[in-house]
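This report describes one protein chain, going from its overall fold to a few side-chain contacts. Please keep the sequence and the structure in view while reading.

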Amino acid sequence: MAPAILALLSRRAVPIGLALAFAVTALTAWHFRAQRDAARLEAAMASRAAEANAAALAAATAEHARHIAALTDEAERARARAARLGANLEALRRDPSHAAGAAPVLRDAVERLRAGRIAGNSPAADASP
């Protein structure tokens with residue numbers, strides 16, 4: 001029986017080898033194509049994620065710029081308020097006769113500033129006496 005199998009295989013060895021080579025080549029090509037498609041899908045998803053992250057970063061940067069501008073404006077208003085209070089204090093030092101009449105107004109202004117600072121409400125602090 002073994003010689004019959006060997007005889008059959010020897011006559012069919014080349015066609016069987018060619019068929020196996022063709023099958024292995026087709027399976028290898030299919031495998032590499034599947035890997036390529038998976039890599040393309042991952043690259044597309046990574047690209048979308050990168051675009052979303054870039055958009056979020058741009059929005060956060062714009063929001064940060066708005067906050068910086070608001071803080072800068074607030075600091076400028078506080079500097080102007082401090083300059084006005086300094087000028088008023090200097091005027092009181094020069095002419096103390098107005099101090100008795102100005103004391104309640106200044107006390108109210110200081111209390112409004114403190115209340116505004118505690119509450120974080122800058123419009124209340126901006127109200128001039």
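Does Arg77 count as buried, partly exposed or exposed? Arg77 counts as partly exposed because its relative accessibility is 35%. The sections below set this residue in its context.

## Model and confidence

The structure is a predicted model. Mean pLDDT over the chain is 84, and 87% of the residues score at least 70.

Helix 1 has the highest mean in the chain, at 91. The lowest mean, 50, belongs to helix 3, which covers residues 122-126.

## Overall fold

The chain contains three helices and zero strands, and its pattern along the sequence reads α-α-α. It has 129 residues, of which 5% count as buried.

## Helix 1

Helix 1 runs over residues 2-94. With 93 residues at 1.5 Å a residue, helix 1 should span 138 Å. The C-alpha atoms at its ends lie 127 Å apart, which agrees with that expectation.

Helix 1 also has a bend of about 60 degrees at Arg12. A proline, Pro15, follows within four residues of the bend.

## Nonpolar surface patch

Which residues form a nonpolar patch on the surface? They are Met1, Ile5, Leu9, Ile16 and Leu20, and together they have about 550 Å² of accessible area.

Leu9, one of the patch residues, is found in helix 1. Leu9 counts as partly exposed because its relative accessibility is 44%, and a patch residue needs over 30%.

## Salt bridges

Side chains of opposite charge can pair when their charged atoms come close. The count for this model comes to four salt bridges; three of them are described here, beginning with the pair that includes Arg77.

The side chains of Arg77 and Glu74 form a salt bridge with an N to O distance of 3.3 Å. Why are Arg77 and Glu74 separated by about one helical turn? The reason is that they are three residues apart in helix 1. An α-helix has 3.6 residues a turn, so residues three or four places apart point the same way.

Arg79 and Glu76 form another salt bridge, with their closest N and O atoms 2.7 Å apart. Arg79 and Glu76 are also three residues apart in helix 1, so about one helical turn separates them. Arg79 counts as partly exposed at 48% relative accessibility, and Glu76 counts as partly exposed at 42%.

A further salt bridge joins the side chains of Asp37 and Arg36, at 3.3 Å from N to O. Are these two residues buried or partly exposed? Asp37 has 40% relative accessibility and counts as partly exposed. Arg36, at 39%, also counts as partly exposed.

How values were computed. Residues are numbered from 1 along each chain as its sequence is written. This is a predicted model: local features need pLDDT of at least 70, side-chain atom pairs count only at pLDDT 80 or more; totals for chains, interfaces and linings use all residues. Side-chain values use heavy atoms; hydrogens and water are left out. Helices (H or I, at least four residues) and strands (E, at least two) are DSSP runs, numbered from the N terminus. Buried means under 20% relative accessible area, exposed over 50%, partly exposed in between (1.4 Å probe, protein chains only). Patches are made of residues with over 30% relative accessible area and no salt bridge: like charges are joined within 9 Å, nonpolar side chains (Val, Leu, Ile, Met, Phe, Trp, Tyr) within 5 Å. Accessible areas come from the Shrake-Rupley method with a 1.4 Å probe; for residues, only the protein chains shown count as cover. pLDDT is the predictor's confidence in each residue, from 0 to 100. The expected span of a helix is 1.5 Å times one less than its number of residues. The bend at a residue is the angle between axes fitted to the seven residues ending there and the seven starting there.
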